[in-house]
Amino acid sequence: MGYPRLLEPIRRAMNCILLLQQGSPQPGWSWQFTTDLQPTGARTYEPDGLYSGATFSCANLLMDYFEYTGETKFLARVHEAIKFLESIQLPAEMHKFYSRTLQPNQKLYPSCVEKGTSKPVYVHRRGSNSSSGEYYADYNPEKQWMPSFSMSVLNPEQLWERYNRLTKISPADASKDSPLKTKKGTGLPQYFSGNLRYIGPEEVKNILEALETKPYWEGI
């Protein structure tokens, strides 16, 4: 492994995601938490509540952790998180408030729901800009500050597909290629895109060449 002392803090971090999952009837996550592990807001346009995007991401992380460790505790409440996501899906009549066109198989979710009630919360802004105005949140979907911020397109079916596949294989098989279990050194690909998709040198070269035709580098 090279640095075996890193395994303990890695496991602490993975266990932290378990601890941050809230209890029923809102077994999801927020993007930020208080020191006593309660969901909270952060910047003025981030209200208190549970966030659908955070819940989707953390459910995937727990399945990652099962594949890293083979420990079934990471799968134990994933199904609760997926069902919670499904329960807050916005009805079709709410699509008119979204700023982008949805494909037939896409589903819309409120980015944030209120703690305790699961009512969708939408962000608005008073004033002409962020420095001369202020942000506030309420239940009214009209005249949102940024519909693509207050609403999210997610696919819980992807989570179900992965969850069902993982529950049908043994922990040993799930984690057989885990970098946390190998006795050999492991490395990362040289290049990554923002979503950790591997990209090769040629693709990086093409991206940089495309940027050189536009003034993106000015002022750097």
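At what angle do helix α2 and helix α3 pack, and how far apart are their axes? In this predicted model, α2 covers residues 52–69 and α3 covers residues 78–87. The angle between the two is about 155°, and their axes lie 10 Å apart. Angles over 145 degrees count as roughly antiparallel, so α2 is roughly antiparallel to α3. The crossing of these helices is left-handed.

The residues that make this contact can be picked out on both sides. Helix α2 contributes Ser52, Thr55, Phe56, Ala59, Leu62 and Met63. Helix α3 contributes Val78, Ala81, Phe84 and Leu85. Sorted by class, eight of the residues in the contact of α2 with α3 are nonpolar and two are polar, while none is charged.

The cysteines come next. The structure holds zero disulfides. Cys58 is in no disulfide, and the nearest cysteine sulfur belongs to Cys16, 9.4 Å away. A disulfide needs two cysteine sulfur atoms within 2.5 Å. Cys58 has a relative accessibility of 10%, and the limit for buried is under 20%, so Cys58 counts as buried. Cys112 is buried too, with a relative accessible area of 3%.

The last stop is strand β5, residues 134–138, where Ala137 is found. Ala137 is partly exposed, because its relative accessible area is 39%. Leaving aside neighbours within four places in sequence, Ala137 is in contact with Pro47, Val121, Tyr122 and Val123. Pro120 is 17 residues from Ala137 in sequence, and the C-alpha atoms of Pro120 and Ala137 are 9.9 Å apart in space.

Methods
Residues numbered from 1 in each chain as written. Predicted model: local features only at pLDDT ≥ 70, side-chain atom pairs only at ≥ 80, totals over all residues. Heavy atoms only, no water. Axes fitted to C-alpha atoms, helices over the stretch in contact; angles between N-to-C directions. Helix = DSSP H or I, 4+ residues; strand = E, 2+ residues; numbered from the N terminus. Parallel < 35°, antiparallel > 145°, perpendicular 65-115°, else oblique. Left-handed = near helix turned anticlockwise from the far one by under 90°. Contact = heavy atoms within 4.5 Å. Nonpolar A, V, L, I, M, F, W, Y, C, P; charged D, E, K, R; others polar. Buried < 20%, exposed > 50% of the residue type's maximum accessible area, 1.4 Å probe, protein only.
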